[in-house]
Amino acid sequence: MTRPAAEPQDSPGRLWELLDDGQRKALRAAAELRRYPAGTVIIREGDRSDWVLVLMTGRVKITSVSTGGYDAVLAVRDPGDIIGEMASMDGSLRSATAIAVEPVTGLWLSARAFNSVLREQPGISVVLLRIITSRLRYANSRRTEFGDSTAAERIAAILVDLAERYGVPVPDGTLIALRISQRDLAGLASASREAVARTLRTLRSDGLLSTGRQRLVVRSLRDLKQLAPDEH
């Protein structure tokens, strides 16, 4: 089964969990603790800013404007992940938008402070390089996998991945404990909102899914996996 919403299976992990106590202490000492309500645009694509945020609580969706003019959801970042690292390291414009899906708290570091910590703690740079390389490898594999599947298959794969990453058992199945809209699903699956709506209707009528306002319950994860494309 393809996993378009998640990091690759050989991902090294999230930044915070890969650091030792000394490295975490150095980041904390150089950072400010900042909070963002759900829905806040934390980073905006095209802006010139040069700071990073290490997520402590809450999740963030990463989006970018596609050639078709809609917001494509590239990934969801979880507690322990870092965002904004590329622009802070090379001084480029922001390549994507980051939006708080939930209330977020994080360690905010200016580019100057972040790069100072990297010089003092070179082991952090090694971890960061592994993470960035993994993300680039995943982006390439995602383009290949998506080119070989239908919109319905991609949407099914997204739902399976979200259920496995964020699923909470409930009496009628697995609740995806992440606020996500049909527009978000369309972006994650590189599909139109019409294709998402049509696929969700089919899954509901087949008894595989129940939906509410930004609420998704997978009724049968095993059967939904049968609809997702095979891994390559």
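## The sheet

Four strands form an open sheet in the order β9-β10-β12-β11, and their pairing is antiparallel. The edge positions belong to β9 (167-170) and β11 (209-212). Each has a single partner strand, so one side of each lacks a neighbour in the sheet. On average, neighbouring strands here are turned by 30° against each other, direction ignored. This is a predicted model.

Strands of a sheet pair through backbone hydrogen bonds, either parallel or antiparallel. Four bridges join β11 to β12 (residues 215-218), and the two run antiparallel.

## Packing of α6 and α7

Two packed helices are described by the angle between their axes and the distance between the axes. For helix α6 (residues 151-166) and helix α7 (residues 182-189), the angle is about 110° and the axes lie 9 Å apart. An angle of 65 to 115 degrees counts as roughly perpendicular, and α6 and α7 are therefore roughly perpendicular to each other.

From α6, the contact uses R154, I155, I158, L159 and L162. From α7, L185, L188 and A189 meet them. By class, the contact has seven nonpolar residues, one charged residue and no polar ones.

## Burial of α7

How many of the eight residues of α7 are buried? Six are, so α7 is mostly covered. The buried residues are D184, L185, A186, G187, L188 and A189. Among them, L185, L188 and A189 also meet α6.

After α7 comes S190, with a positive phi near 50°.

How values were computed. Residues are numbered from 1 along each chain as its sequence is written. This is a predicted model: local features need pLDDT of at least 70, side-chain atom pairs count only at pLDDT 80 or more; totals for chains, interfaces and linings use all residues. Side-chain values use heavy atoms; hydrogens and water are left out. Axes are lines fitted to C-alpha atoms, for helices over the stretch in contact, and angles run from 0 to 180 degrees between N-to-C directions. Angles under 35 degrees count as roughly parallel, over 145 as roughly antiparallel, 65 to 115 as roughly perpendicular and the rest as oblique. Contact means heavy atoms within 4.5 Å. Ala, Val, Leu, Ile, Met, Phe, Trp, Tyr, Cys and Pro count as nonpolar, Asp, Glu, Lys and Arg as charged, and the others, Gly among them, as polar. Two strands pair if DSSP finds at least two bridges between them. Buried means under 20% relative accessible area, exposed over 50%, partly exposed in between (1.4 Å probe, protein chains only).
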